[in-house]
Amino acid sequence: MNNFSYVRAADIDGALRLAAQPGAAFIAGGTNLVDLIKGGIAQPRVLVDITRIAALGQIQESAHGAVRIGALAPNSDLAQHPLIVSRYPLLSQALLSGASAQLRNMATVGGNLLQRTRCYYFYDAGFEHCNKRRPGSGCGAREGYNRIHAVLGGSDQCIAVNPSDMCVALAALDAVVEVRSVRGTHRIPITEFHRLPGDTPQRDTNLGVGELITAVELPPSRYAPHSHYLKLRDRASYAFALVSVAVGLEMDGEHVAAAGLALGGVAPKPWRLVEFETALRGRRLAEVDLAALATAALADAEPLHYNRFKPELARRALVRAVRVAAGLEES
Amino acid sequence: MSADEQDPNNQALSRRLFLQAAAGAAGGAALPSMLHAATAPAAAIPEAASVSLTLEVNGSRHDLRIEPRITLLDALREQLQLTGTKKGCDRGQCGACTVLVNGRRINSCLSLAIMHQSDQITTVEGLAQADGSLHPLQQAFLAQDAFQCGYCTPGQLCSAVGLLEEQRRLGSGGAALTDAAIAESMSGNLCRCGAYPHILAAIREVAASHAANGGGATSDTP
């Protein structure tokens with residue numbers, strides 16, 4: 001584990017100032033960063049502790065029924081917060097399906113957004129080839145053991161998947177990430193926050209150097225009565241998703257007024273399914289050929305040797321999750 | 001915060017780094033990159049000095065000088081000799097290192113000690129009363145034979161104490177926890193001996209008595 005110095009920020013401006021030092025990294029829950037430092041994957045020179053910044057911990061209703069979640073809100077507190085349980089049960093369900101009780105107590109919303117992939121070739125510095133860890137070194141997964149890897153959105157350089165459950169729910173819910181830098185505040189829609197690997201797999205997100213996530217904002221709740229997070233994995237608890245689906249439906253009787261859908265475990269970022277959503281809108285759900293829509297959603301899938309099961313698993317998961325959200329099927 | 005103070009013992013650090021690298025490499029064929037990963041940051045050591053820290057553990061205050069990279073787990077075990085908390089995987093995957101921080105269960109292996117100034121930390125050594133009478137969960141683990149080798153037990157106990165405290169905070173004390181809910185909530189604690197059915201029985205027993213008392217897990221819960 002490399003050594004580093006440590007400073008504690010008293011407020012947001014102080015944190016931004018301290019983060020301007022070369023090699024600085026923010027630390028909050030530490031569940032991912034400390035692990036990455038131990039593995040030699042992250043090698044910060046200075047850790048800027050932001051956990052004592054009270055302004056970053058609030059979960060509250062903001063204008064017009066939106067809810068603003070401070071970046072330091074622990075995953076466990078967020079999942080159980082009355083505003084989230086009652087208005088965004090999809091988010092609560094996704095959070096509680098991730099990690100363990102201990103890790104959820106530590107991990108924050110901001111850190112979860114920045115969680116790095118669990119690709120074995122990235123996570124183990126013993127592997128020589130990883131374009132995400134060492135740009136230009138190649139990809140060990142493409143011709144290697146790629147069971148957990150992407151079937152959508154990957155590139156020749158990288159097929160690592162985003163491991164977060166929370167982010168899949170946030171994508172379906174149209175969340176917005178609030179970011180502060182020394183230049184001011186800006187807002188990034190969740191679907192534009194994470195990047196596809198392309199030729200720059202080393203960059204997971206569009207967060208700039210020295211920028212700090214301050215909050216996540218959820219638009220007014222529409223899907224609370226009809227939502228579902230379906231997570232499929234190798235064991236019943238405490239495992240990353242092979243495939244997950246976040247579904248929110250706004251129902252008008254038997255018709256779908258609006259829908260938010262995203263897939264997890266299949267792509268380098270939460271995979272929003274806009275065409276599926278559009279196809280559902282205005283339709284009587286019982287008359288929709290969900291299997292056909294799911295097939296279309298996976299039409300561009302490029303499975304590899306060990307993850308050939310994923311497109312079919314994703315198709316079936318999509319159909320089931322939509323039916324459960326609509327109340328047509330038991331979860 | 002004295003983060004800028006120089007550590008007079010820097011020479012010892014590089015030796016430790018080397019030993020860690022050698023130990024890590026001994027298990028596999030990853031020698032070149034392990035050494036690379038461990039030796040490259042050694043150049044940065046001079047700027048990372050030991051810092052002063054006060055930890056409050058099981059009601060006692062301890063003044064320490066530690067490097068910022070020392071985890072809470074290592075500070076408890078190596079500096080305070082509180083070896084009840086166990087190091088299993090050291091990567092947040094097994095739960096053996098579970099302790100309570102301000103009443104909440106966390107993995108002490110993934111948390112830096114320096115970040116716990118003024119927190120109230122409870123380890124397995126702090127679960128029993130001052131007179132030596134065991135915590136109800138400790139009694140239940142004995143009564144239900146909820147362990148075999150015992151290595152995961154301190155983490156299981158602290159995690160279970162955290163679970164009961166979470167139930168109390170959620171105000172769901174009146175309803176007994178189902179076996180499925182206990183299993184899900186304890187999934188962060190692995191047991192290589194497979195004592196899960198007995199661990200479950202021990203937690204079920206204590207949770208049920210708390211539920212019968214209206215969820216009053218107060219006097220015996222740190």
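1. **Ground rules.** The model is predicted: local features need pLDDT of at least 70, side-chain atom pairs count only at pLDDT 80 or more, and totals for chains, interfaces and linings use all residues. Residues are numbered from 1 along each chain as its sequence is written, while chains are lettered from A and ligands numbered from 1 in the order in which they are written.

2. **Chain A overall.** Chain A holds 13 helices and twelve strands. Helices (H or I, at least four residues) and strands (E, at least two) are DSSP runs, numbered from the N terminus. The C-alpha trace spans about 60 × 50 × 35 Å along its principal axes. A compact globule of 331 residues would have a radius of gyration near 20 Å, and chain A agrees, with 20 Å. That radius is taken over C-alpha atoms, and the globule rule is 2.2 Å times the number of residues to the power 0.38.

3. **Burial and contacts in chain A.** Of the 331 residues in chain A, 57% are buried. A residue is buried if 20 or more other C-beta atoms lie within 10 Å of its own, exposed if 12 or fewer, and partly exposed in between; the C-beta atoms are placed from the backbone. Take the contacts in chain A between residues at least 6 apart in sequence: 64% of them join residues at least 24 apart. Contact requires C-beta atoms, placed from the backbone, within 7 Å.

4. **Domains.** Chain A is divided into domain 1 (5–52) and domain 2 (227–326). The bounds come from an automatic or database domain assignment. The C-alpha centres of the two domains of chain A lie 36 Å apart.

5. **The five-stranded sheet.** Chain A has an open sheet in the order β4-β5-β8-β6-β7, with antiparallel pairing. Two strands pair if DSSP finds at least two bridges between them. The edges are β4 (59–61) and β7 (184–189) of chain A, and each pairs on one side only. From one strand to the next, the twist averages 25°. Axes here are lines fitted to C-alpha atoms, for helices over the stretch in contact, and angles run from 0 to 180 degrees between N-to-C directions.

6. **Pairing within that sheet.** Three bridges join β4(A) to β5 (residues 67–70) of chain A. Ile59(A) has Ile69(A) in β5(A) as its bridge partner. Four bridges link β5(A) to β8(A), and Gly70(A) stands opposite Ala215(A) in β8(A). Five bridges join β6 (residues 176–181) of chain A to β8(A). There, Glu178(A) has Ala215(A) as its bridge partner. Six of the seven residues of β8 (residues 212–218) of chain A are buried, so β8(A) is largely enclosed by the rest of the structure.

7. **The four-stranded sheet.** A further open sheet of chain A has the order β9-β10-β11-β12, again with antiparallel pairing. Strands β9 (227–232) and β12 (271–272) of chain A are at the edges with a single partner strand each, so one side of each is left without a neighbour in the sheet. Six bridges join β9(A) to β10 (residues 243–252) of chain A. Lys231(A) stands opposite Ser244(A) in β10(A). Helix α5 (residues 89–96) of chain A packs on the sheet, touching β9 and β10 of chain A, at about 20° to β9(A). Helix α13 (residues 310–326) of chain A lies across β9, β10 and β11 (255–264) of chain A, at about 30° to β10(A).

8. **Chain B.** Chain B has seven helices and five strands. From the N terminus on, its elements run α-α-β-β-α-β-β-β-α-α-α-α. Of its 222 residues, 41% count as buried.

9. **Met186(B).** Leaving aside residues up to four places away in sequence, Met186(B) touches Ser159(B), Ala160(B) and Leu163(B).

10. **The interface.** 31 residues of chain A are in contact with 39 residues of chain B. On chain A, β1 (5–8), α2 (33–38), β3 (46–49) and α6 (101–106) each supply at least two residues of the side that touches chain B. α6(A) gives the most, with five residues. By type, this side of chain A divides into eleven nonpolar, 14 polar and six charged residues. Ala, Val, Leu, Ile, Met, Phe, Trp, Tyr, Cys and Pro count as nonpolar, Asp, Glu, Lys and Arg as charged, and the others, Gly among them, as polar.

Key: Contact = placed C-beta atoms within 7 Å.
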